[in-house]
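Visitor: Pick one part of this model and take me through it up close, please. I'd like to know how it sits against its neighbour.

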Amino acid sequence: MDRGSVELLRRACELVRSGWSQHADARTAEGTEVRPWRESAAAWSLLGALVAVLEERSEGGRDLPIDHLAAALNELAKFIDDDSLANWNDEPSRTQHDVANALEAAANSAASKLNNGEIKP
């Protein structure tokens with residue numbers, strides 16, 4: 001496990017808590033579908049939030065290595081009972097709270113591995 005994975009999950013959780021979208025990766029405050037990395041995005045799906053965070057890191061010159069992304073997704077898979085992040089997010093009974101909680105649980109699980117010495121350089 002690595003810090004980059006934990007940061008990815010925590011930031012994605014922050015985005016979803018601030019605004020959540022179904023049936024679109026991201027939406028403006030008015031509900032119009034936009035790319036997740038656009039400044040006008042105000043609500044994100046689970047997948048959209050992850051993409052937005054990756055784009056934030058890229059613009060800041062801090063690309064996330066693929067193994068960090070894989071580790072984050074591996075942790076997230078422990079809390080999501082679907083092979084598709086989009087399908088899971090868009091389930092009619094799904095709530096913003098469900099999505100944020102899954103991201104938070106994955107981040108906490110990943111962070112606990114850091115504290116147990118399972119950190120990658």
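Guide: Helices here are DSSP runs of H or I with at least four residues, and strands are runs of E with at least two, numbered from the N terminus. On that basis, Thr-95 falls in the loop that links helix H4 (85–90) to helix H5 (96–115). The part I'd zoom in on is H3, residues 66–77.

Bear in mind that the model is predicted, so local features need pLDDT of at least 70 and side-chain atom pairs 80 or more, while totals for chains, interfaces and linings use all residues. Residues count from 1 along each chain as its sequence is written, and side-chain values use heavy atoms, without hydrogens or water.

H3 has 12 residues and reaches 16 Å from first C-alpha to last, close to the 16 Å expected (1.5 Å times one less than the number of residues). Its buried residues (under 20% relative accessible area; over 50% is exposed, in between partly exposed; 1.4 Å probe, protein chains only) are His-68, Leu-69, Ala-71, Ala-72, Glu-75 and Leu-76. They span an arc of only 160 degrees around the axis, which puts them on the same side of H3; the arc is taken from axis-to-C-beta directions.

Now the neighbour. H1 (residues 3–18) packs against H3 at about 55 degrees, axes 8 Å apart. That makes H1 oblique to H3 (under 35 degrees is roughly parallel, over 145 roughly antiparallel, 65 to 115 roughly perpendicular, the rest oblique). Axes are lines fitted to C-alpha atoms, for helices over the stretch in contact, with angles from 0 to 180 degrees between N-to-C directions. The contact (heavy atoms within 4.5 Å) is made by Gly-4, Ser-5, Leu-8 and Leu-9 of H1 and His-68, Leu-69, Ala-71, Ala-72, Glu-75 and Leu-76 of H3. On the H1 side, Gly-4, Ser-5, Leu-8 and Leu-9 are among the buried residues.
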